[in-house]
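Hello,

Here is the structure you will be taking over. My notes on it follow below.

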Amino acid sequence: MDNVSKLMQCVDFAAIKHKDQRRKDKEGTPYINHPIGVAKILTEEAGITDLAVIQAALLHDTVEDTETSFDEIDQHFGAEVCGIVKEVTDDKTLPKLERKQEQINHAPHASYKAKLVKLADKLYNLRDLRRCTPRGWTEERVQEYFVWSSKVVAGLRGTNNNMENSLDDLLKERDIIV
């Protein structure tokens, strides 16, 4: 199977897994737009052509947010993609604040490929927050998300200048020192 076919298999898999999910924005955007957007940031803005990184970007929320297992990711997409997805997946058995702290703690120790996915994920999410406030979120919660994201990003620095510069611009808009 060539790389384009492998990529389309991954897009299809992610779309099926996220088919009933919506983002928390006012429009209720289909959730699949998020992983596709993360992959697009990696390819178009960060210049990443590594198939495993792009596949992991498309799958980065499947285990965390759907009934998908790591074994299933490994079976369909191989150990490398599964490993990257594992690195960027939160442990949902932990309380929310602990999960958020774990992201900050783990970021500096993540592999280069996982850092790429994490940077693109943060960039997508912060742009989305700038575009519109999710249902039920206050301006204070949005600002807290930006501050927390800046702490995660601090541990990912030195990975990709293009994404880091874009993140810095977003953080500076919110008066967050980078």
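Crossing of H2 and H8

H2 and H8 pass each other in a right-handed crossing. The model is a predicted one. Two packed helices are described by the angle between their axes and the distance between the axes. Here the axes of H2 (33–45) and H8 (residues 112–131) cross at roughly 115° and come within 9 Å.

On the H2 side, the contact is made by Asn33, His34, Gly37, Val38, Ile41, Leu42 and Glu45. H8 contributes Leu116, Val117, Ala120, Asp121, Leu123, Tyr124, Asn125 and Arg127. By type, the residues of this contact between H2 and H8 divide into eight nonpolar, four polar and three charged.

Helix H5

Which residues of H5 are buried? In this helix, which spans residues 70–77, they are Glu72, Ile73 and Phe77. Their directions cover an arc of only 100° around the axis, which puts these residues on the same side of H5. Asp71 and Gln75 are exposed, on the other side of the helix.

Just after H5 comes Gly78, with a positive phi of about 95°.

Two individual residues

Thr29 sits in the loop between H1 and H2. Its relative accessibility is 16%, so Thr29 counts as buried, the cut-off being under 20%.

Leu171 belongs to helix H10, which covers residues 161–173. Is Leu171 buried or exposed? Leu171 counts as buried, because its relative accessibility is 1%. Not counting residues up to four places away in sequence, Leu171 touches Leu126, Phe146, Ser150, Ile176 and Val178. One of these, Leu126, lies within the range of H8 (residues 112–131).

For a distance across the chain, take Leu171 and Gln21: they are 150 residues apart along the chain, and their C-alpha atoms are separated by 28 Å.

That is the end of my notes.

Regards

Technical notes: Residues numbered from 1 in each chain as written. Predicted model: local features only at pLDDT ≥ 70, side-chain atom pairs only at ≥ 80, totals over all residues. Heavy atoms only, no water. Buried < 20%, exposed > 50% of the residue type's maximum accessible area, 1.4 Å probe, protein only. Helix = DSSP H or I, 4+ residues; strand = E, 2+ residues; numbered from the N terminus. Arc of directions from axis to C-beta. Contact = heavy atoms within 4.5 Å. Axes fitted to C-alpha atoms, helices over the stretch in contact; angles between N-to-C directions. Left-handed = near helix turned anticlockwise from the far one by under 90°. Nonpolar A, V, L, I, M, F, W, Y, C, P; charged D, E, K, R; others polar.
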